[in-house]
Amino acid sequence: MKAVVYTQPGLPINDPQSLVDSELPTPSPGPRDLLIEVKAIAVNPVDTKIRASRGGDQPQVLGWDAVGVVREVGAQVTLFQPGDEVFYAGAIDRPGSYSEFHLVDERIVGHKPRSLDYASAAALPLTSITAWELLFDRLGIEQHGGQGQRLLVIGASGGVGSILVQLARTLTQLTVIGTASRPQTQAWVKELGAHHVIDHASSIPLQLQALGQNPVDYVISLTHTDTYLPQLVEVLRPQGKLALIDDPAQLDVMPLKRKSLSLHWELMFTRSLYRTEDMIKQHQLLEQVSTLIDQGVLKSTLGEHFGAINAENLKRAHALIESGKARGKIVLEGF
C-alpha cells in the first residue's frame, strides 16, 4: 500500500527526508479492529510534534484524523460492517493514517456524516473529540447548561477552537468569548458563533472589562498557556476552572491557589492509550457529532484543501501548521 513515512525524527520540514513517499505491507485487523481504506485525512499539530520527537527502527507513519470505508472487520467487531463510511482520530500508539489502508479500534470510530464529502468530514474527528471532552468531561459543563456563565477560549480560530466554539454555542447556554489576533481569524470565530471576539495580543482583562464580561467562569486555553496564564488567573472568578491542551515547557500553577482555581488537562488519546473502560465514549460522541452535522447544527471546520495525500503536499501542510497561522483544518484527499 502507498504511505507517507519518515525514519529520522527532528528533521526540519524542508529537508527532503522529513517525509517521503513509500510502500508498506497492508495490515490485517485484530479482533476489534477495522481495516479502513483511507479516503481523506487532516493534519494536526500532534503530527508535527510526533515527527519532531518519535523515532524507531521501522518507518514511522503519522496521521490522526481520517475518513474512509471499512474493508475488513475483526472477529469481535459489532459496531460496523464492510462498506460503512467512517471517520475517526485513531490511537497515538499505533501507526497513523498517512497510508492507503489503516487499522483502528471500532470503539473510537464513528459513522461519517452523510451530508459531508470525505474532505469536509476529515476535518472533524480529532478536534471534535478534544473539544467535546474539554467541555463536557474535563470542565463538567452540562449540555444545555451554563446559563449566566461565561467561557473564554484562547486561540479560538484553530482546529480545536473552531469546533469548540460551535459546540459551546449550540449545546450550552454559556456566553462564548473567543480570542484571535488577525481580522480574518476574528471574523472566522465570529462566524462560528462566538458572542464576542477579542485579541489575545492585547490586554485580555481590559478587553473583557470593556465588554462587561469580566470575570469569566471557565477558560479553555488552546495555545501558549504559559504566556497567558497570569491574565487567565486574573480574569477567572474565584473557584473557576481552567482547561488546556498545549504542552508548556513549564507551568507555574501556584497562582491558582489564591482563587481555588482548578486545572484540567485534556489529551484525546488517553482513552485509547490506556484502553479505559469508557473508551467507547469516543464512538458515542462521534456518532452525536455526525448527527449534529447532518442536522445542520454544526458545520465542518475545513480551512484549506492541500490536494492529494503525498509527501510533497504533507510537507506544505506541516509547514503551515508549524507557522502557527493555520485557520480551521488542513485536509488532503486521495492517493
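Visitor: Where is the place of R275?
Guide: R275 sits in the loop between α8 (270-273) and α9 (281-294). Helices here are DSSP runs of H or I with at least four residues, strands are runs of E with at least two, and both are numbered from the N terminus. The model is a predicted one: local features need pLDDT of at least 70, side-chain atom pairs count only at pLDDT 80 or more, and totals for chains, interfaces and linings use all residues. Residues are numbered from 1 along each chain as its sequence is written, and side-chain values use heavy atoms, with hydrogens and water left out.

Visitor: Why is R275 called partly exposed?
Guide: Buried means under 20% relative accessible area, exposed means over 50%, and partly exposed lies in between (1.4 Å probe, protein chains only). R275 has a relative accessible area of 41%, so it is partly exposed.

Visitor: Which peptide bond is cis?
Guide: The bond from N214 to P215 is cis, with omega near 10 degrees. P215 belongs to the loop between α6 and β11 (216-221).

Visitor: Why does R182 count as partly exposed?
Guide: R182 has 27% relative accessibility, and therefore counts as partly exposed. R182 is found in the loop between β9 (175-179) and α5 (183-192).

Visitor: Why does H318 count as buried?
Guide: The relative accessibility of H318 is 0%, so this residue counts as buried. H318 lies in helix α10 (residues 311-323). Contact means heavy atoms within 4.5 Å; leaving aside residues up to four places away in sequence, H318 touches I13, L19, V43, D47, T48, R51, L62 and Y98. Among these, D47, T48 and R51 are buried residues of helix α1 (residues 45-53). The buried residues of α1 pack against β3 (33-43), α3 (125-138) and α10.

Visitor: What describes the packing of α6 and α7?
Guide: The axes of α6 (residues 204-211) and α7 (residues 225-235) come within 9 Å and cross at roughly 30 degrees. I204, P205 and L208 of α6 meet Y228, Q231, E234 and V235 of α7. Axes are lines fitted to C-alpha atoms, for helices over the stretch in contact, and angles run from 0 to 180 degrees between N-to-C directions.

Visitor: Which residues touch the most other members of the largest nonpolar core?
Guide: A nonpolar core is a set of buried Ala, Val, Leu, Ile, Met, Phe, Trp, Tyr and Cys residues joined through side-chain atoms within 4.5 Å. The largest has 91 residues, and L135, I220 and L314 touch the most other members. A second, separate core of 17 residues includes L152, I177, V216 and V219.

Visitor: How do you know that the radius of gyration of the protein chain agrees with a compact globule?
Guide: The radius is taken over C-alpha atoms, and the globule rule is 2.2 Å times the number of residues to the power 0.38. For 335 residues the rule gives a value near 20 Å; the protein chain has 20 Å, so the two agree. Of these 335 residues, 53% count as buried.
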